[in-house]
Structure formats: C-alpha cells, structure tokens
Amino acid sequence: MRSLLVLLAVLLAPLSPVLAAQVLRISAIPDQNPERLNRLYGLVAAELSDQLGVQVRYVPVIDYTAAVTGFRRGDLDLVWFGGLTGVQARLQTPGAVVLAQRDVDARFRSVFIANRQALKDLKPFTSIAELSQLKNKRFSFGSESSTSGRLMPQFFLAKAGVEPKDFSGGQPGFSGSHDATIALVQSGAYEAGALNEQVWESRLKEGKVDTSKVVLLWRTPTYPDYHWVAQGNLNKRFGAGFTSKLQQALLELSPDQPRQAQVLELFGAKKFIKAPVDQYASIESVGRQLGKIR
Amino acid sequence: MTPAGQMLIPALVLLPLLWLLPGAVHGGGLALLLQFWLAALQPSLDPHLLLTALRGIGVTLAIALWSWFLSLLLGFAGGLLSSVAVSQRLWRCTWPALLIRRLLAFPRSLHELLWGLILLQLMGLQTGVAVLAIALPYGALVARVMADQLDALPLQPIEALSTAGAPAWAALFTAFLPPLWPQVLSYGGYRLECALRSATLLGVFGLGGIGADLRLSLQSLQFHEVWTSLWCLAVVMLLLEGTVRWLQRRWHQPLGSVGQRGLELLLLALLLVLLLIPSAQLMELRWQELFSGWHWPASLPLWDGAGWIQPWLPLIGTTLLLTLLSALLALAITPWVLLLLCPWRGCRPLLQLLGLLARLLPPPLTALLLLFVLKPGLLPAVLALGLHNAGILGRLLLEGLDAQDQRASEALRLAGAGPRRSLLVAGFNTVARSYLSFGAYRADVILRESVVVGLVGAGGLGVLLLESLSSFAWIEVVPVLVVYAALTLIGESAADAYRSRLLSGPLPLEGLNQAVRS
C-alpha cells in the first residue's frame, strides 16, 4: 500500500514545472473561422511582443462563454470581446479595463440575410416592422452570446414582434459563428440568418459569398460592439505603466507598416480608437432585458 | 413473448418517429449532407492539418488515459469503502458503507460534461478540468460496480481466513481479490473505451483535444478537414477496442503456465503507468495550478428562490421522452438491420463500419449534421442520441453473437432453416436477455447524456441548462442540476430493477455477459 502511495507521489510530482517567465496571454471570442483567427492573432501576438518586449501567447478558446470564464479566472490577460461578452466579463472581473475598439465599433450594425431560393417572396426592406415576415422561417443566429449575431438581432426582432419561438421548429438555430451563418443560409439549411455587418462586407469583398444564392434583407440601426478588455493587474505583473503602453501599442497600429497593415485588414478596420466605457451601457441594458446578463 | 421478440419489439418506436418525420424534414441542406459524406473519401491530407489532428488525438487519448486511471483508483477505494461485506469485516457495522454509497450517488448522477462545465468555472481553462470531469462520475460508477461485485461474493473463504486468525485487511485481499479479477478486467477495459468517447465529447465543448477541431471544422463546413480528424480518431478507437477485446479474451482462458496472466497484467500496468507521464506532458497537466486559487466570483449568487420557479413538468417530460425514444431506437436498430440483411454477405462489415461511425461522432455533432435536413426539435436529438448508442449496443450484440456456441445455428441451418430463422431462434434467443439488460444500462446513460444535445433545441432540461450557463445565471443552473441529479438517480434505480428482473435466471452467454455485468 505504501509503495503504491510513493509511486503515486513520484508520478504526480514532475507534472508541475515552475511557471515560465511572465507571458501575456491574449485571446478572442471565436466569432470567425478558426484558421483566420489563428492567422490574425498570431500576427497580433508577434506585433505586441516586439513592441512591448514581453512574451505574448495567443490562447484560442472554443466558445464565447469560455472566453468570459477564462478572463474572469485570470487565465487570459487581454481579450478581444464582443459588446455583450465584454460587459459580462467586466461585470465579473473587478478592475478590468477597456483599452480600445475599432473605428467601426462605436457605430456597429448587424445584417439580416436570406436564401434567395427559399425566400422568393421576400425582398430587401428598410422598415424594421417587416422583420415580421421572418415568422415561421428557419432562422439561425450566430453564437448564443454574440452581440451582432444574436443579442441585437433578437432585440430588433422583438421590436417587430418576432420572438425566438416564432421561428420554424419553435426555436432559432445557433450556427456558432458569423461565417457559419453565411454558409448555412447560402446552402439552404436555414432560410434566413443574422450576422455581423463587418464580416458580411469583408466576405463580400473577398468574393466568398455567392450572391446568386444569398441576399441581404436589412441592416439594423447602429450600436456599440467589440472592444479590447485587459486585466486590471497588468502593471503589477509586467511593470509600472504597462497597461498604458499596451493601449498605446494598439492605438498606434497603422496601415503604413506591413505587418500592422495586415492586422488592421484582418480586423476590417482602419485603426483602433479609445473606447468610452459608458457607451456599453446600452448593450448592458439590452443584455439584461433579454436575460443574457443577470 | 420469446426473448427474441422482446429484442425486436422496441422497433415500435419507429411509429412515432415516422409520424414526426414529415413535419420535421426541410431538406434545405441536403446538398451539404451529401458533400459531408463524399468528403469521407477524400479527407484533407494537408501535413499541417494532419499534425494538428494527431496532436488533438494525442491530447484526447491522454485525457482518456488519465481520467480512466484516476477513476479506477477512486473506484477501487470507493468500492471497498462502500461494500457492506468489507465494512462488516473492518468495522463490524454496515452504516459507513451505506453512507458512502449514498454519497457516491451524487457525483455519479451528473454527466461528465456538466462536471466539466462546473469545474471550468472553478479551475479555469486547463485540460486537467476534463480529466477530473471524467474521473469523478466514472470513479463513483466504478465504485458502485465494485461494491456490488464484492457484496455478491461468497463469504465462506473470508470467514475461514478470519477464523484462522488472519488480519482483516489481509483476509479481504486474499479472499476477495482473486475471484474479482475477471470482472475487473472486462469492466476496466470497457471503461477505457467509454473514457475515450467522453474525452472526445468534452473536446467538442472546448475542454481540450480533438473534439474542438471536429466541431470547429464542422461548423465552418470544412468537411474534408472533419474527415481527417474523424479517420484518425477511427483508427485510434478501433485499435483500442481491438486490443481491449484481445486482452480480455486472452486472460479469460487459462494460459500456458501458472502465473503468466499475472505477469502479463503487471507488465501492462507498468506500461500504462509509464504512459501517464508523457501524456501528462502532452496535455500540460499541472495539478498544482489545478488546485490552487479556486475562484468563485462573489458577484454571481448561487442561490435564489426565483431560480426555482421553472416550468418543471414540461422540462422533465421532454427530457424523459427524449431518453425513452432514443433508448428504444438504439435498441431496435442493430437487431432489425441484422435480421433484414443477414442473408447478404456484406451485412456484418457494413454494420461494423456504420457502428464505428456512430460511436465515433459525438452526439452533438451528429445533431448538427442532422440540422442540415431537419428542423430543430425533438427528432434530430432523438436520432443523434439513438444512433450513437446504437453504435455502442450494436458492437456488443455482434460480439455476443460471435462468442456464442455456433452449433445450434449450424444444426438449424443443416435442418434447412433460412439464415433469418436460424439467427432468430439460435442467435437472438440466447443473447436477448443480456442485450436488453445492457440496453437498460445504456438508457440510464442516455438520460444523463440528454443534456449534450440541448444544442439542437431538443427542449428539456439540457436547453435550459446551456442557456443559463451562457448567461452565467447560476441561480438557475443550481436548481436544474439538482432536478437532473434526482431524475438520474430515479432512472438508475428503475434501470437496476429492470436488469435484476431480467438477469434473475442464469445467463447463457459468455461474451456479452461479462460486459453486461457492468
């Protein structure tokens, strides 16, 4: 019996190597295709590492909730959150700070798209009330916790009197990401869906959308969305003034420098700007209204 | 009704399913589904992707191995402590055993995915979470099986030893361990296969390993990449199942020389223990970090009366309906396909291949695929759970049929009976009881598993749970967990009652029998 215990102790002991030198762990909500995210955040990590002189590692996460949990737990130091997940994360993490947003994030939109074949009778519209045409259609959101792929679309749908239970099958689908929503609507698996305007525009530009199969129905009014959120203890861990250096590095990303230009292009932005915290009050109130923030 | 009849009767479940089908089909993504199956023939062979897949599988295997190892340790300890017979020897009273048995019911009552999601909140994003999430419920399950086995052993040997003056522990080990070995071996092997499936499933929910790759490439419709991971996983699963089966068979028959089995066992145990170290490194398992700094946000209340006000009746009703339909479907598929196709030579290999695929794909991913052609709702969830478990049950049935005495079916065939009749009379009749008994056990597992298809909007407790988790509404999560646990405990005793009625007579079949005793 004792030898068994000794064996166990020997087995378990070497599994806890001393923590390596301080590493800045960055992450992002998985809102697009993983290979794209890997490319983008690999570049971001390299850029930040060069500028700040610390090791930076990209930690991929598989769903939005895990990103929030990881941040709250302190497993992630700097995360590119959506509006809703950012608010959730900051509410759960005392001291967390908002560092920056893209130029497009203060006035962000979602788009509603439809499969041409399936919705022959539907034409693009401009009035929110016409969202009611989507009743009894097969409809897909993105991730459950996506701001532009679920929260705000659901909010606008509710304004037009469409509840989630009004869709065909008694509930909407959750495709998981914006790219998946496009693919599923294009294939006809869902008749309509809602997603992030910026992803839609950039896929259109890249020629990755078959416009003979998918059609844009409606653009939502604007709302604030994505933002970089950092832990409050970075100065303590990486030295005085680290947080502001980090913020500066993000704000100064410029299209004149090849790698930075690539980062900005993958983000679909011209530059990053400071993000006033109070603009997310509207997201928080919608989140509470729809039960995604308690 | 003849035993074979009882095996075929669950097919009645097809009636309500067929009735649901017309309302549920939309077929919009039929082309996608075809693409998915065609991609099986041309998995992506991109070296980078292959490397990622292999690494993912390595992590999944490492999680499976560690959780299996820990669950056996927990299970042996728990089994000894919760066995009435052992308790009587050691402490001369039974209440400690009964108390521990009650306490162990709780970890068992929650699916490993739920443990994973709860531990994730406590311990953060680490692969160790998946290991513990599987080890806890599995350990409690192994403990129960161990205790049942111990309590079923004859008491004469131990009494003889005690009378002769042997100390309590020594007497226990000498009298109880040797007769337990065969069961422990078959059951242990079966648990390792289960651990591999669970580790894959936990990956789907982001707790490490190949599951994540599977889900992400499926969601972004990169089917060629999906199949790269799937085929790699298939090879690993086949190898594991084959090895386990081979070892079980080898050790069940008397070997050449005395002590050879013991030696081989020792070697295998040593090999597995040695494998634990590299696998811990592969998945970056760090116990110190895992258990340091547990953290519950003060801002998230756990308890509030309002969380308890839920439409429990429809929630529970849907969950039970989902379980019942899936279990019947899982039971019905293999015997019927076998019966209908058995004159055809390719029947067995086809069933084996389909069964492997069904076991391979975690149910939530099957459900996602089904959503290409079905509306969200009960049906895709039933099909996903039913098919996955049919894969597991089917393999046992085929092995059971292979392992039984072939003379009866030979005789029938020589007497002029067709292949169907001989399969029914000689095959099904003998394996029916053990098949149904294992089916009852799987139904119990399906009840726990029903939470994992909450993704596809099957309704029931699973949907509420996943939605509450993504809203961080712990005041809702706690009541659902409590109700779920209560439900699975009731389900467990119902399945037990059915099994003990079914198995009250002597069991005719060796091969299936061993696995079924689990």
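Reader: Hi! A salt bridge is a side-chain nitrogen of Lys or Arg within 4 Å of a carboxyl oxygen of Asp or Glu, so which residue does A:Lys292 meet in one?

Author: The partner of A:Lys292 is B:Glu467, with 2.8 Å from N to O. This is a predicted model, where local features need pLDDT of at least 70 and side-chain atom pairs count only at pLDDT 80 or more, while totals for chains, interfaces and linings use all residues. Residues are numbered from 1 along each chain as its sequence is written, chains are lettered from A and ligands numbered from 1 in the order in which they are written, and side-chain values use heavy atoms, with hydrogens and water left out.

Reader: Thanks! How many salt bridges are there between chain B and chain A?

Author: The count is 3. There are also 14 residue pairs in polar contact across that interface, both residues at pLDDT 80 or more. A polar contact is a pair of N or O atoms within 3.5 Å; within protein, one must be able to donate a hydrogen and the other to accept it, and residues adjacent in sequence count only if both atoms are side-chain atoms.

Reader: And what area is buried between those two chains?

Author: About 3,900 Å², with carbon and sulfur atoms giving 61% of it. On the chain B side, B:Leu125, B:Pro376 and B:Phe472 supply 15% of the area buried against chain A, more than any other three residues. Buried area here is the accessible area (1.4 Å probe) that two parts lose on being put together, summed over both.

Reader: How many residues does each chain bring to the contact?

Author: Chain B brings 53 and chain A brings 43, where contact means heavy atoms within 4.5 Å.

Reader: Switching topic: what domains does chain A have?

Author: Domain 1 covers 21-106 + 224-289, and domain 2 covers 110-219. The bounds come from an automatic or database domain assignment. The C-alpha centres of these two domains of chain A lie 27 Å apart.

Reader: Which side chains form a salt bridge there?

Author: A:Arg36 and A:Glu206 do, at 3.3 Å from N to O. The count between the two domains of chain A is 1 salt bridge, alongside 9 residue pairs in polar contact, both at pLDDT 80 or more. On the domain 1 side, the elements giving two or more residues are helix H3 (64-73), helix H4 (83-92) and helix H11 (281-289) of chain A. Helices (H or I, at least four residues) and strands (E, at least two) are DSSP runs, numbered from the N terminus.

Reader: In which sense do S4 and S11 of chain A pair?

Author: Antiparallel: strand S4 (residues 97-102) and S11 of chain A pair over 2 bridges. A:Arg102 stands opposite A:Phe272 in S11.

Reader: Last one: what are the domains of chain B?

Author: Domain 1 is 1-19 + 300-518, and domain 2 is 45-221 + 254-291. Between these two domains of chain B, about 2,700 Å² is buried, with carbon and sulfur atoms giving 70%. The interface of these domains has 4 salt bridges. B:Glu193 forms a salt bridge with B:Arg395, the closest N and O atoms being 2.4 Å apart.

Note on methods:
Two strands pair if DSSP finds at least two bridges between them.
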